[in-house]
Amino acid sequence: MRLLCCDTSIPFHSHSSKFPFLIPNFNPRKTLVGLLSGALSVTLIASSPSPFLALESSPPLQSSSPSEYCRELDLVEDLGSEPEEAFVTNEGIVEEAWEIVNDSFLDTSRQHRWSPETWQRKKEDIRSSSIQSRSKAHDVIKRMLASLGDPYTRFLSPDQFSKMARYDVSGIGVNIKELPDENGGTKLRVLGLVLDGPAHLAGVRQGDEVLAVNGMDVAGKSAFEVLSSIQGPNETSVTLKVKHGNCGPIQSVAIERQVVARTPVFYRIEQMENGSTSVGYMRLKEFNALARKDLAIAMKRLQKMGASYFILDLRDNLGGLVQAGIEIAKLFLNQGDTVIYTVGKDPQYQQTAVADTEPLTEAPLIVLVNKNTASASEIVASALHDNCRAVLVGEKTFGKGLIQSVFELHDGSGVVVTVGKYVTPNHKDINGNGIEPDYHNFPGWHDVEQRLSQCKYVHEHV
């Protein structure tokens, strides 16, 4: 059995039977776990038929006793532990890739080279031809994807797919996902392990419920928050308290981290010329799992040091984990404010991210941007700008606002497909357009306050 690690910020799909029970209770064809932005992000989703799926679609088990329920779950995992490889023809692999594009691809080019008619003709060509080898099948897929004119939609060889599948944001080889429980709440369960990774070797198992991290109860926390708290410097330890299965024992396991996680936040306090006002300067170099936590710490410390204005420097920040960007934007937004919209052909990619907490600060804010401010950085910049929380200063941003999903094919190869795009709270398309700053040169704080006040007035009276 092969189990892989997932990072809950980016979609990753598998049409193979290699991953028998990574994700229960989901559409076996397509599932959105998160959003992908830039080359850094990869999330794993198994979309093959699985024993868990069979369990979820069968009649409810309320009549069963708890012990019977646990035995049925154990049986499900045992049945899935030795999956059989399905034989697939060369033409079948090509047609599998064709179907993924047909179902999910979003044409974001200005030329609009994709159309249902032309794409259908490609399927007819596949069915009428004989492909003699697997390498030729892969070549056909490459040419087929190249015809879309999308630089981000591409083929992955089995070796490339395998390397991408080893991406691990937690540092201990584990993925955690929020799942509904029987009381209407949510539980955090392990839904993805790196075989022989730190967590697996320490005794963490697929389906375990995570109860605490380093002695702190995780009830009410999101999977992203918990994964962020798990990550830390290389060769340090983190302790997870887990409940094995549905009815198994509770165990605390110490796990040594095996990645280097560096804080992406630099901050300092600066005095304005009159000496009576302090400005909190925060530079964010990338969006990793530590970004939200460390930026919140920096903001609180700067407030204690007397900061009454803030600067968030996103220059040369090319992005990273999109969910980190969304969570960072929420630190500044009022509850109910829109962070970002996602648009896609498939309804699962048509979502709205909304701030669900009150802001850490309501102080006036400047966001510094330039031509290398991209992806997750643009999500933050546009969210703060469109909600009248910040003015943008500097240069027009890069303009990378696409969502890619990674799909595994039955022979271990894969395809990366553009499935959606980001749209700002003011309904502007980021991709290919970028975001224009409010000022090219640094404005006075009085001008900043006046502009933000006018923005709020317009929003309230529209």
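The buried residues of helix α8 pack against β3 (174-180), β4 (186-193), β5 (209-213), β7 (237-243), α9 (291-304) and α10 (322-330). Buried here means under 20% relative accessible area, exposed means over 50%, and partly exposed lies in between, with a 1.4 Å probe and protein chains only. Helices are DSSP runs of H or I with at least four residues, strands are runs of E with at least two, and both are numbered from the N terminus. This is a predicted model, in which local features need pLDDT of at least 70 and side-chain atom pairs count only at pLDDT 80 or more, while totals for chains, interfaces and linings use all residues. Residues are numbered from 1 along each chain as its sequence is written, and side-chain values use heavy atoms, with hydrogens and water left out.

To return to α8, which spans residues 223-230: six of its eight residues are buried, so the helix is largely enclosed by the rest of the structure. Those residues are Ala223, Phe224, Val226, Leu227, Ser228 and Ile230.

Helix α11, residues 376-386, is also largely enclosed, because ten of its eleven residues are buried. Among them are Glu378, Ser382 and Asp386. Just after α11, cysteine 388 takes a positive phi of about 60°.

What joins the side chain of aspartate 386 to that of threonine 424? The link is a polar contact of 3.0 Å, a polar contact being a pair of N or O atoms within 3.5 Å; within protein, one must be able to donate a hydrogen and the other to accept it, and residues adjacent in sequence count only if both atoms are side-chain atoms. Threonine 424 is placed in the loop between β17 (414-423) and α12 (445-461), and at 5% relative accessibility this threonine counts as buried. Not counting residues up to four places away in sequence, threonine 424 touches Ile340, Tyr341, Ser382, Asp386 and Ile430, where contact means heavy atoms within 4.5 Å.

I turn now to the nonpolar cores. A nonpolar core is a set of buried Ala, Val, Leu, Ile, Met, Phe, Trp, Tyr and Cys residues joined through side-chain atoms within 4.5 Å. In the largest, of 69 residues, Leu312, Phe332, Val367 and Val415 touch the most other members. A second, separate core of 20 residues includes Leu188, Val190, Val204 and Val242. Leaving aside neighbours within four places in sequence, leucine 312 is in contact with residues including Met282, Phe332, Val367, Val380 and Leu384.

Finally, tyrosine 457 is placed in helix α12, and at 51% relative accessibility tyrosine 457 counts as exposed.
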